[in-house]
Amino acid sequence: MRFLLVRDGTGTIQAVVFKGNVAPEVFEAVDQATQESSLTVTGTVKEDSRAPGGYEMDVSHCEIEQIAGDYPITPKDHGTAFLMENRHLWLRSSRQHAILRIRHEIIRAVRDFYDDNGFTLVDTPILTPAACEGTTTLFEIDYFGEKAYLSQSGQLYNEAACMSVGKTYCFGPTFRAEKSKTRRHLMEFWMVEPEVAWADLDDIMKLAEDFVSYIVQRVLEERKEELERIERDTAPLEKIEPPFPRISYSDAFSLLEAKGTETPRGSDFGGADETILSCSLDKPLIVHRYPKDIKAFYMQPDPEDSGFALCMDMLAPEGYGEIIGGSQRIHDADLLLERIREHKLPVKAFKWYLDLRKYGTVPHSGFGMGIERVVSWICALDHVRETIPFPRMLYRMYP
RNA sequence: UCCUCAGUAGCUCAAUUGGCAGAGCAUCCGGCUGUUAACCGGAGGGUUGUAGGUUCGAGUCCUACCUGAGGAGCCA
């Protein structure tokens with residue numbers, strides 16, 4: 001007799017071929033099958049306590065499509081470099097299969113959340129003419145003799161769209177040319193960005209916590225089996241529901257200083273600081289009102305202290321760190337122009353962006369959430385490279 | 001860009017103080033058969049990342065470079 005572990009993309013089952021139950025040439029063909037060979041099996045599924053999963057297929061016929069030779073990935077241990085080199089095959093492994101399915105569920109939840117809450121999806125461009133924040137972090141390309149850049153955010157275009165449809169979101173790939181080599185960075189990643197007219201900082205903090213909770217609960221409901229297969233402890237995820245704790249940058253810094261951080265007050269948190277904050281609670285933590293000098297030019301100043309910006313980051317628990325960054329945007333034309341000049345940005349390139357403040361401007365806010373970091377957290381992975389089918393990383397673009 | 005570590009068979013790894021380059025898995029051949037990362041017997045498989053250097057002798061020590069991993073910085 002022969003045992004075949006077969007899969008069809010939806011699951012795996014053990015198929016048993018008894019010598020007496022099939023034609024001799026069929027048994028002979030099955031005998032030649034190697035790991036990852038492709039075939040069509042016909043038979044009867046029955047319960048059997050000896051089979052993995054409790055069920056197996058008693059094979060009556062089998063046709064071999066192709067005999068695979070020397071499949072590189074064996075059931076034994078492999079190193080990261082080797083698996084990345086064979087990413088196109090690694091995707092077939094049960095763990096990677098489960099992660100792909102969870103990623104898909106997260107993306108479905110993202111779309112459903114906004115679609116069901118009155119948001120209109122407006123696609124923003126990937127090719128953009130000007131750099132918003134300097135060119136060092138952007139991939140530059142030749143656009144018929146002109147310089148163009150791969151988008152690192154759809155936000156500015158989102159702001160235009162939300163003045164048309166009120167509540168909008170975009171979801172697509174974003175790019176950055178940062179030479180970051182950490183477990184949380186990719187050169188190409190997917191980001192979802194909602195933008196809401198008439199919303200202030202408090203409104204989008206609420207939106208963000210509702211959104212993240214919805215995603216987590218949806219994965220818990222729909223991808224239980226996959227979470228089990230990757231051995232994700234779901235107890236911490238079950239606690240993810242609104243409201244999330246909030247803390248101001250200033251209070252967070254006092255807390256970190258009490259724990260002996262060496263980061264100077266007024267600068268952004270270091271990796272270690274973020275880890276301390278994100279491990280301190282069992283829900284995501286919202287940190288708001290960072291110093292305006294370390295944040296983007298378009299953020300609305302805090303009316304109570306203009307040294308701070310009406311912005312927020314959400315830090316995922318269990319040490320996963322920042323998954324969301326957002327803010328209330330400046331809606332006053334004069335102030336925005338002043339900030340563009342302060343940041344030494346080309347005013348001309350922002351003419352259309354300033355127009356948005358010239359014609360019926362309203363307060364508005366939005367945020368961006370990196371899909372890969374959320375997948376990484378929900379799946380409890382130790383590196384974002386496993387969250388996306390074909391990661392683009394510093395010094396690795398194959399396969 | 002900087003710091004640390006690593007690179008030996010297809011894969012994962014050994015190799016004592018500088019002294020014969022090995023094992024398991026995979027592959028191939030044979031046996032066995034309710035197997036679960038099976039078991040038993042046999043076979044093939046190596047320019048030890050590259051280039052120099054020290055030495056009677058280098059996988060091992062030194063120098064440079066290449067590649068990878070981890071971290072830092074950077075990070076709408």
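Author: Let's start with one side chain. Setting aside neighbours within four places in sequence, arginine 218 is in contact with Glu105, Arg108, Ala109, Asp112 and Arg223. Bear in mind that this is a predicted model.

Reader: What makes arginine 218 count as buried, and where is its place?

Author: Its place is in helix α6, residues 201-222. The relative accessibility of arginine 218 is 10%, and buried means under 20%, so arginine 218 counts as buried.

Reader: And what share of the residues of chain A count as buried?

Author: Of its 399 residues, 47%. Chain A has 13 helices and 17 strands, and its C-alpha atoms fill a box of roughly 85 × 55 × 40 Å along the principal axes.

Reader: Why is arginine 289 called partly exposed?

Author: Partly exposed is the range between the buried limit of 20% and the exposed limit of 50%. Arginine 289 has a relative accessible area of 23%, so it is partly exposed. The residue is in the loop between β12 and β13, and has a positive phi of about 60° although it is not a glycine.

Reader: Why is α13 described as largely enclosed by the rest of the structure?

Author: Because eight of its eight residues are buried. Among them are Glu372, Arg373 and Trp377. Just after α13, alanine 380 takes a positive phi of about 55°.

Reader: Which sheet has β5 and β11 as its edge strands, and what makes them edge strands?

Author: That's the open sheet of eight strands, ordered β5-β9-β10-β17-β16-β15-β12-β11 with mixed pairing. β5 (120-121) and β11 (246-248) are its edge strands, each pairing on one side only.

Reader: How do you know that β11 and β12 pair?

Author: Pairing needs at least two bridges between the strands. Three bridges join β11 to β12 (residues 285-288), and the two run parallel. Serine 248 stands opposite histidine 288 in β12.

Reader: What packs on that sheet?

Author: Helix α13 (residues 371-378) does, touching β9, β10, β15, β16 and β17, with its direction at about 55° to that of β17. Helix α4 (residues 94-115) lies across β5, β9, β10 and β17, running at about 150° to β9.

Reader: What about the sheet of four strands: why is one side of β1 and of β3 left without a neighbour?

Author: The order of this open sheet is β1-β2-β4-β3, again with mixed pairing. β1 (2-7) and β3 (38-47) stand at the edges and have a single partner strand each, so one side of each has no neighbour in the sheet. Neighbouring strands here are turned by 40° against each other on average, direction ignored. As for β3 and β4 (residues 55-66), they pair in the antiparallel sense over ten bridges, and leucine 39 stands opposite isoleucine 64 in β4.

Reader: On to rings. Why is the pair of phenylalanine 297 and phenylalanine 350 called edge-to-face?

Author: Two cut-offs apply: centres within 6.5 Å for a pair, and planes over 60 degrees apart for edge-to-face. The centres of these two rings are 5.4 Å apart and the planes are at 75°, so the pair is edge-to-face. Phenylalanine 297 is in the loop between β12 and β13, phenylalanine 350 in the loop between α11 and α12, and the two are 53 residues apart. Both are buried.

Reader: What makes the charged end of lysine 295 sit over a ring?

Author: The distance cut-off is 6 Å from the ring centre, with a further limit of 35 degrees from the ring normal. The charged end of lysine 295 sits over the ring of tyrosine 290, 4.3 Å from its centre. For arginine 357, the charged end sits over the ring of tyrosine 353, at 4.2 Å from the centre.

Key. Residues are numbered from 1 along each chain as its sequence is written. Chains are lettered from A and ligands numbered from 1 in the order in which they are written. This is a predicted model: local features need pLDDT of at least 70, side-chain atom pairs count only at pLDDT 80 or more; totals for chains, interfaces and linings use all residues. Side-chain values use heavy atoms; hydrogens and water are left out. Contact means heavy atoms within 4.5 Å. Axes are lines fitted to C-alpha atoms, for helices over the stretch in contact, and angles run from 0 to 180 degrees between N-to-C directions. Rings of Phe, Tyr and Trp (its six-membered ring) pair if their centres lie within 6.5 Å; planes under 30 degrees apart count as stacked, over 60 as edge-to-face and the rest as tilted. Buried means under 20% relative accessible area, exposed over 50%, partly exposed in between (1.4 Å probe, protein chains only).
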